[in-house]
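Please open the model in a viewer and keep the sequence at hand.

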Amino acid sequence: MSDERYCSNCREELPKGAVVCATCGVYAGDVFDGRHPRAKRSYGTFIIATLGVIAIFALASLFVHWPSYVASKPPRSHTIAPRAKRLPGEAGAMLAMRQRLVSEQIPNECLALMSKGVHEGVYVIRAVDRCRHQQLGDWKVDAKTNKISRSGS
């Protein structure tokens, strides 16, 4: 083993038994093992690769047609079932109301129905068009026949 010791800060040889480096004044407790430090890595290759990937995506965006979505207007689908379902109770009244309003060209995904309960054998349902932020009013649905009428009429 070599008796030579080197300063960990300035890499100068330390005299035997020295506590402080005579050149730079750093504590000599941490000694240099004789190997020279590695050269600092260059990040040039990383930067060039990153810029290359960005350039490829920029060029690709010129030739690729990305789909665009318009959040304000949902797609309209006006399909009416050939035979309407008939459910008992309030569920049947809500379904009949939904089928009626969808047949009047209100998209199903825009329609919100809220039951206000049953009064004298008639379900009262409030309808709202969520897409247009428009109240469609209160409706009455007969509990036995599912006949639909406006609440005011």
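This is a predicted model: local features need pLDDT of at least 70, side-chain atom pairs count only at pLDDT 80 or more; totals for chains, interfaces and linings use all residues.

Residues are numbered from 1 along each chain as its sequence is written, and side-chain values use heavy atoms, leaving out hydrogens and water.

**The sheet.** Select the open sheet of 4 strands, which has the order β4-β5-β6-β7 and antiparallel pairing. Its edge strands, β4 and β7 (148–150), each pair on one side only. From one strand to the next, the twist averages 30°. Here strands are DSSP runs of E, at least two residues long, and helices are runs of H or I of at least four, numbered from the N terminus; strands pair if DSSP finds at least two bridges between them.

**The hairpin.** Next, select residues 111–119 (β4) and 122–129 (β5), which pair in the antiparallel sense over 7 bridges. M114 stands opposite R126 in β5. In the turn, where 2 residues separate the strands, E120 has a positive phi of about 55°.

Move to β6 (residues 134–142), joined to antiparallel β7 by 3 bridges. W139 stands opposite R150 in β7.

**The helix and F46.** Select α2 (residues 89–103), which lies across β4, β5, β6 and β7. Finally, select F46 in helix α1 (residues 44–63). Is F46 buried or exposed? F46 is exposed, with a relative accessible area of 58%, where exposed means over 50% and buried under 20% (1.4 Å probe, protein chains only), with partly exposed in between.

Key: Axes are lines fitted to C-alpha atoms, for helices over the stretch in contact, and angles run from 0 to 180 degrees between N-to-C directions. Contact means heavy atoms within 4.5 Å.
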